[in-house]
Amino acid sequence: MKLSLRTYFDQYTNAAPLVVFRICFGIMMCLSMIRFWYNGWIEKLYIEPKFHFKYYGFEWVKSLGEYNYLLFIICGLSALFVALGFKYRLAIITFFLSFTYIELIDKTTYLNHYYFISILSFLMIFLPANARFSIDALRSKTNYTKIPRWTIDSIKLLLGIVYFYAGLAKINSDWLLKAMPLKIWLPSKYDLPLIGNNLMQQDWFHYAMSWSGMLYDLCIPFLLLYRRTRIFAFVLVVFFHVFTRVLFPIGMFPYIMIVGTLIFFDAKLHEHIIRLLKRALPSLKSKLKNVEVLPQSKLKRQIIIPILTCFFILQLLIPFRYVLYPNELFWSEEGYRFSWRVMLMEKAGLTTFKIVNGNTGAFFYVRNSDFLTTFQEKQMGFQPDFILEYAHFLGDHFTAQGHQAVEVYAESYVALNGRTSQPYIDTTIDLYKQYESFKPKTWILLFNDDIKGL
């Protein structure tokens, strides 16, 4: 095994796929920052709210107020520098830190693909994506045409994990046997030309979409890896992501995944793309000297390989942490995030808070809109860690106002995947005395149904 691993890590391959990936990634991330600014989401999501929900352990990450605009400028410029291959290592580190900081400001904005961008940009810190066709290469007047094979395979592996785990997550009774939540979402697309009033209203189509979605996610990494099925697989990738983009407002993610899967293709395609780019930048051709192999520092490899090994072990294990919790995953959401469970549930809740004087029993109810935006209130209504954090915010707020012996109770009702709503939080528990941790949340009431699956 040692011999085979050593042999693998000594193998080299054409640098073109990683170079094209770097360019596309940087351009799309830069456009994403511009899109966020243009739509006014910086103000709406990061400046306007009076209160921000925090990830456990990252409570220290604060909104920068008006300086959030500067943070987005830094993030966008670093993405552009990544695309250009200018000061690449510094640029990708800056992008990773700034993008991740933005996502940590408020848990309300969590999306699987934001998490994907963070871990992908972290991985890219360790990859020689600027070895060729970059400003860095131009400044050193050297193109390295071959790089270690594992550097490209690591991106393929990460993409494969995302797809395959998304497929595993779909192997559940709600998705496959009840076509939920697609049976709720698809009929609302009645205004789509040609298919809105026909296919979108049919039960058989809801089931077909559920099963095909599961099979697609499970199979697509292997179809992309196999040369004979690669073009067919890419056609599926384009169709799947364009179709989901038409159906659902999921931003740049479909385009990121479409372009990302190009890395599975042979270097000939990427060489062709680079030649097309060179026509616009002919000066690069004359000023750069091609050197066949990018030298690998033994010491650097001894540091990088263990780091990335730990990184991928975590990516394989984190999605399964839900098995440590006794309650139904979709109900309690303990272990739900960071597990590639993409659009698997339709969940809605209404949660009100009662502030009680523990000495006299006097109480009053809170109007959530006094403290939360509409979007925050919606997300808080059915997510237990949001409910707990908001309860502590309210407890601290009213204590600071001079209220005595403050206790905070929640009255919550939640509906999951078309089921009727049911009580969600134990109304006898003072949430102000409960604290966030990795332990199971015993104050979440039991789910009155069962969802079979992974």
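Trainee: Where is asparagine 172 found?
Mentor: This is a predicted model. In it, asparagine 172 sits in the loop between α8 (149-169) and α9 (173-177).

Trainee: Is asparagine 172 buried or exposed?
Mentor: Buried means under 20% relative accessible area. Asparagine 172 has a relative accessible area of 4%, so it is buried.

Trainee: Which backbone atoms lie by the side chain of asparagine 172?
Mentor: For a polar contact, look for N or O atoms within 3.5 Å. The side chain of asparagine 172 reaches the backbone oxygen of alanine 169 at 2.9 Å. A polar atom of that side chain also lies 3.1 Å from the backbone nitrogen of aspartate 174.

Trainee: Which residues does asparagine 172 touch, not counting those up to four places away in sequence?
Mentor: Among them are Leu177, Phe330 and Leu344, and also Ile451, Lys452 and Gly453.

Trainee: Why is isoleucine 73 called partly exposed?
Mentor: Partly exposed is the class between buried, under 20%, and exposed, over 50%. Isoleucine 73 has a relative accessible area of 37%, so it is partly exposed. Its place is in helix α4 (residues 68-84). From isoleucine 34 it is 39 residues apart in sequence, and 8.7 Å apart in space, C-alpha to C-alpha.

Trainee: How many residues line the second largest pocket?
Mentor: The pocket is lined by 47 residues, with Tyr55, Tyr56, Phe58, Leu104 and Phe338 nearest its centre. Its volume is about 1,300 Å³.

Trainee: Which element gives the most to the lining of the second largest pocket?
Mentor: That is α5, with 6 residues. The lining of this pocket divides into 26 nonpolar, 9 polar and 12 charged residues.

Terms used:
Residues are numbered from 1 along each chain as its sequence is written. This is a predicted model: local features need pLDDT of at least 70, side-chain atom pairs count only at pLDDT 80 or more; totals for chains, interfaces and linings use all residues. Side-chain values use heavy atoms; hydrogens and water are left out. Helices (H or I, at least four residues) and strands (E, at least two) are DSSP runs, numbered from the N terminus. Buried means under 20% relative accessible area, exposed over 50%, partly exposed in between (1.4 Å probe, protein chains only). A polar contact is a pair of N or O atoms within 3.5 Å; within protein, one must be able to donate a hydrogen and the other to accept it, and residues adjacent in sequence count only if both atoms are side-chain atoms. Contact means heavy atoms within 4.5 Å. On a 1 Å grid over the protein atoms alone, a cavity is a set of points where a 1.4 Å probe fits but cannot get out, and a pocket is an open set with protein on both sides within 12 Å along at least five of seven lines; lining residues have an atom within 4 Å of a point. Grid points are joined across faces, edges and corners, and a volume is the space filled by probe spheres set on the points. Ala, Val, Leu, Ile, Met, Phe, Trp, Tyr, Cys and Pro count as nonpolar, Asp, Glu, Lys and Arg as charged, and the others, Gly among them, as polar.
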